[in-house]
Amino acid sequence: MDENAKTIRILCPKLVLSKTGIQWLIGSPFFTPLTVVSTIRYIHNDSSSPDYDRESDDLRTLLPKGFNVIGALIIKKSDLEKKNAGEAIDAARRLIKLLSGEAELRNSVTIGAVADSVTGDVQFFVSRSEKPADIETVDFVLYDVNPEKYVWERGCLIRCELPITLPFYYPVNNTSEAEKMYLHATEAVIAKFKDPEIIYMVETLTQASTESPQPVILCGKDLDFDMNLSDIKLVGEAAQDSDTTALSCAHFCSKSKSATTILSADNADTIQVSVLLNRSEKSPKSTAPIAKYCPALQDARLLIVDFKLQVLCYATKSLPLMYAISKLVFPGLVDQLNSMKKAIMPNLFTQHPQLYPYHFSPPGVLHPITVIYELSYGETELKQVDVRKSLHLRMGLPFDRPLLRIANALDLSTTKDGSRNNSSRKGFPLLKDVHFGIPSSGVSGGVVSLVQGSYEYFHYLQDGFDDSGWGCAYRSLQTIVSWFKLQHYTSINVPSHREIQQSLVEIGDKDPSFIGSREWIGAIELSFVLDKLLGVSCKVLNVRSGAELPEKCRELALHFESQGTPIMIGGGVLAYTLLGIDYNEASGDCAFLILDPHYTGNDEHKKIVNGGWCGWKKAVDSKGRNFFLHDKFYNLLLPQRPDMV
């Protein structure tokens, strides 16, 4: 390939998220040039032209440091001309200037993309200046087949949490002066972040063994806040030595990953940075304590404002720690403090809003996003719902999934063994997502459609409860409820067999004698329980025998693509949980990903997979055998996602 050829690398799964408008193309200074990580939609449509000030304010909070705007995509109807690319490039350059400054703009190549709203075709252009004549067509566009690996093998997260209590006096009869003093006080805090006596303590959050690196102390006087990020020399792991200024982020990252580790923000190497103020330095001069009396010239009042900062940054592992702090953590703290400062200003003399930042890693978005929520009103209040709807629109997220509720925020806390415990069950944790790592289905040329999100594996004899021979449908229902709980559609605990029976009695479906019995239940009863406990509606498919199940493959694949919930298959006295379909529409060959609740052993992933208790079952194998009984009537219960942002 020609070294001078211009190549766009696309990591995000899709570019066109709406039929009209502008989308910002997001990249990273740590990736190869012209690499697009995600798109973020411009949403301030209250005027004929973009409100760049509001956009820059939003993106300063939303985008973690380590990701930046590198271009724009404009959506037109059947018009992919260069003039439209110029419009996209101009919009992107104006936003980049506000976010990063003139110097960064001069040193960057800006991407201008034009998408056809009808066909979805996208044409890419690049430019190094504002001159229309400098716009060039891109030669190659590469779509990465493993974008998570590209992002998370080379990078890590840096987290810094800093509570700030800001007291200041203001004249009672001069509120405008009070606002000036408030702004001055916050500027003094920002200046303190660069104080030579400030201490930044760096430690790992993802390793807890005896080989974990010891915390490192970096002083404000040793940091360089002026160097451009593009001019920083990256270092390799071999460059580590006793000089803390030469250490890179890799010093605190895992040296190896398990083959089963899922590469994502949830499992990324995470570095913790704590900000401390060193007041114990020995003074070169001996001085006695001095008290200074400064009487107020008029009546004054003390006002205290509390900030709870928590920034999340992304860095390549080869970035020196000192620059990770000065070029990522420091500007992240400043931007977040300024954002909260603006939000508090209108309520400075009344009840201050309870602002707290949360970090999310929504599906389909390769990098985390940060959202500052107002906690004074609950998540179901209209204001909070409107905020989340706006964020879903901006990120191109579906509106039937609670992806940005507080319960969905990244959990960066660790247990003593260094693992993160995300189980929704009290006591001993159940196995989650046991279908990861299973062998392929054997369907040639098939399209795989899988359950979306996490679930827990419920099966016979768990919790010391003997339900062998009659409780498989109960266990399948428990797995389905765990899915809704882990996706934060509900906060109720997974019901026991008795609680399931109690629900059916309460709605009048069963007699009171049903409670405590060993009676089998089917798809209809499961739908009643899901409706009563979760408010979830279900669709029921009927087939006359297991031999007819392949006829439902197209409909089942559509369910997993659109709803993504586990499915219960019930026939006779048997019940299974269906987690996915592998279907070749041309040949009709298909396989079902079955999670079998009839398992009675210990919760050992390897034993379950090797024993075939979770795995692909061919509808018809090479010997003409069908996994499902031919002479049994089957009901398939397809739970539907509730409309909930």
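W24 stands opposite I40 in strand β4. That is where I will start, but first some ground rules. This is a predicted model, in which local features need pLDDT of at least 70 and side-chain atom pairs count only at pLDDT 80 or more, while totals for chains, interfaces and linings use all residues. Residues are numbered from 1 along each chain as its sequence is written, and side-chain values use heavy atoms, with hydrogens and water left out.

Back to the strands. Strand β2 covers residues 21–27, and it pairs with β4 in the antiparallel sense over 4 bridges. Strands here are DSSP runs of E with at least two residues, helices are runs of H or I with at least four, and both are numbered from the N terminus. Two strands pair if DSSP finds at least two bridges between them.

Which way do the residues of β4 point? S38 and I40 point one way, T39 and R41 the other way, and all are buried. Buried means under 20% relative accessible area, exposed means over 50%, and partly exposed is in between, with a 1.4 Å probe and protein chains only. In a regular strand the side chains alternate between the two faces of the sheet.

Now the salt bridges. How many does the structure hold? There are 20 salt bridges, each being a side-chain nitrogen of Lys or Arg within 4 Å of a carboxyl oxygen of Asp or Glu. I will show three of them.

One is D139 with K6, where the closest N and O atoms are 3.8 Å apart. D139 lies in the loop between β8 (136–137) and β9 (140–143), and K6 in the segment before β1 (7–10), so the pair ties together parts that are 133 residues apart in sequence. D139 counts as partly exposed because its relative accessibility is 45%. K6, at 19%, counts as buried.

Another joins D269 and K317, at 3.2 Å from N to O. D269 is in the loop between β12 (216–219) and β13 (270–277), K317 is in the loop between β14 (300–316) and α6 (321–344), and 48 residues separate the two. Both D269 and K317 are buried.

The last pair I will show is K539 and E555, whose side chains meet at 2.8 Å, N to O. K539 sits in strand β18 (residues 538–543) and E555 in helix α11 (residues 553–562), 16 residues apart. K539 is partly exposed at 39%, and E555 is partly exposed at 29%.

One final point on networks: salt bridges that share partners join K6, E136 and D139 into one network.
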